[in-house]
Amino acid sequence: MAEAAEREPADPRRSMLAAGLIGVGVTAAVDEIVFHQLLAWHHFFDRSTSAVALFSDGLLHSAELIILVLGFFMLADVRARRALASTSAWAGFFIGAGGFQLFDGIVDHKVLRLHQVRYVDNLLPYDLAWNGAGLLLLAVGFVLLRRARAERAPGR
Amino acid sequence: MDHGGHAGLAASSAALVLLLVVLPSLGLAAYLFGAGREQRAQGWSPWRTAAFAAGVGLICAAMLPPVAPWAHGDLRGHMAQHLLLGMFAPIGLALGAPGTLLLRQVPVATARAITAPLATPPLRILIHPITAALLDIGGMYVLYLTPLYALSQDNGAVHVLLHVHFVLSGYLFTWSIAGPDPAPHRPGMRLRLAVLFLATAAHAMLGKIMYGYGYPRGVAASRAEVEAAAQWMYYGGDLAELLLAAAFFALWFRRRAGLPEFIAGRATATG
């Protein structure tokens, strides 16, 4: 291959980190677009929100936005350097997505109480489904991570 | 609103058309002239020209029908105007690198005379990203959470200054964070990223405060209109800040200098 000289060895760590950031950002965007806007299950703002929660929500929102953009730039960079390890990248994407879903379900909904999944009498099934989805995504991510390590092992 | 207020607003409309339609259009004409010359001399990216033209186009669109009359009586219209003037247009203007184009067009001595003031303490403080963010986002807090917005509806001069401030502070902020135009003594990328992060958070918080507690006050707008305007500000701001973050990272990944190792990789430290 003509580009072989420029080709860096596959970089599973950076591939995973880049896609993981995208996973976090995409989950946050889906939350904002689907659950806040399309379904209108989540409230834009609960008037019971404390000042601390409002402040941390703003910081978190800003971090999500910057993380999403940084993830795309990192992934484009790793690809341009031909160092993309795709199984590791998918593992990172699912771990990022699931981890954020779980974080949102526990910290935002339960600890900070910014808003709830849906405003109904029996919230428990919604919370279980929300956090269960997060755990499922995480599980997929860890299975892919094991596979990525197994793929690399024989070559080393 | 009394009769005098209407007359005042008519005069302010004329001033706004002059300042935010005629002047930017003249600026664009000068830019196109310069870009054409530069294109023949040492080359000038058509993307820069397109970005600058888009920026001017958005300013004019905000100040002409249908947006301008809509903004006159509707808070959502005002918010659309505010987003165009203060957030989207400045991204186009800054990415157009008008400063670089100007400096290449003039003799070296003139270029030095133009850039020298930027290195003096007052201007260095003014163009610092933290000052720029305070003027831009901080200015919005003052505008929407104090009676200033209601005042701008009645007072022609305040009305004009407000709209000019949107464009100038928006441009200053965008330039200080992600502008390709050089600036002397500009702080490093990490500090600029931190300012971008805090400014984006502050903008989102302001949107939620306005929605939750019904700001701006003292205007003839229903609560539903205020809530809709606040959400427009929040999501419109997100989109603009997404673009700004993309411009920022594009600049940083192109230079690579100072990119943390976990982002850029070890092999790139030499290149």
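I looked up B:Ala97 and found it buried, with 23 other C-beta atoms within 10 Å. I am working from a predicted model. B:Ala97 sits in the loop between α4 and α5 (98–105) of chain B. Its phi is near 50°, a positive value in a residue other than glycine. I note for context that most residues other than glycine have a negative phi, and most peptide bonds are trans.

I then went to A:Arg82, where phi is near 55°, again positive in a residue other than glycine. I placed A:Arg82 in the loop between α2 (51–80) and α3 of chain A. Buried or partly exposed: which is A:Arg82? I count 15 other C-beta atoms within 10 Å, so A:Arg82 is partly exposed; the cut-off for buried is 20 or more.

Next I checked peptide bonds in chain B. The bond joining B:Pro65 and B:Pro66 is cis, with omega about 5°. I find B:Pro66 in the loop between α2 (46–63) and α3 (67–73) of chain B. A cis bond also joins B:Tyr215 and B:Pro216, with omega about -5°. B:Pro216 belongs to the loop between α11 and α12 of chain B.

I turned to a helix pair in chain A. The axes of α3 (residues 86–111) and α4 (residues 124–152) of chain A come within 7 Å and cross at roughly 155°. Angles over 145 degrees count as roughly antiparallel, and α3(A) and α4(A) are therefore roughly antiparallel to each other. The crossing of α3(A) past α4(A) is left-handed. I sorted the contact of α3(A) with α4(A) by class and got 17 nonpolar, nine polar and three charged residues.

For the interface, I find 21 residues of chain B in contact with 22 residues of chain A. On the chain B side, α11 (189–213), α12 (223–255) and α13 (261–264) each supply at least two residues. The largest share, nine residues, comes from α11(B). By class, I list this side of chain B as 14 nonpolar, four polar and three charged residues.

Last, I looked at the largest nonpolar core, which has 102 residues. Those touching the most other members are A:Ala18, A:Met74, B:Ile59, B:Leu244 and B:Phe248. Helix α4 (residues 75–95) of chain B gives the most to this core, 13 residues.

Key. Residues are numbered from 1 along each chain as its sequence is written. Chains are lettered from A and ligands numbered from 1 in the order in which they are written. This is a predicted model: local features need pLDDT of at least 70, side-chain atom pairs count only at pLDDT 80 or more; totals for chains, interfaces and linings use all residues. Axes are lines fitted to C-alpha atoms, for helices over the stretch in contact, and angles run from 0 to 180 degrees between N-to-C directions. Helices (H or I, at least four residues) and strands (E, at least two) are DSSP runs, numbered from the N terminus. Angles under 35 degrees count as roughly parallel, over 145 as roughly antiparallel, 65 to 115 as roughly perpendicular and the rest as oblique. A crossing is left-handed if the near helix is turned anticlockwise from the far one by less than a right angle, and right-handed if clockwise. Ala, Val, Leu, Ile, Met, Phe, Trp, Tyr, Cys and Pro count as nonpolar, Asp, Glu, Lys and Arg as charged, and the others, Gly among them, as polar. Two residues are in contact if their C-beta atoms, placed from the backbone, lie within 7 Å. A nonpolar core is a set of buried Ala, Val, Leu, Ile, Met, Phe, Trp, Tyr and Cys residues joined through C-beta atoms within 7 Å. A residue is buried if 20 or more other C-beta atoms lie within 10 Å of its own, exposed if 12 or fewer, and partly exposed in between; C-beta atoms are placed from the backbone.
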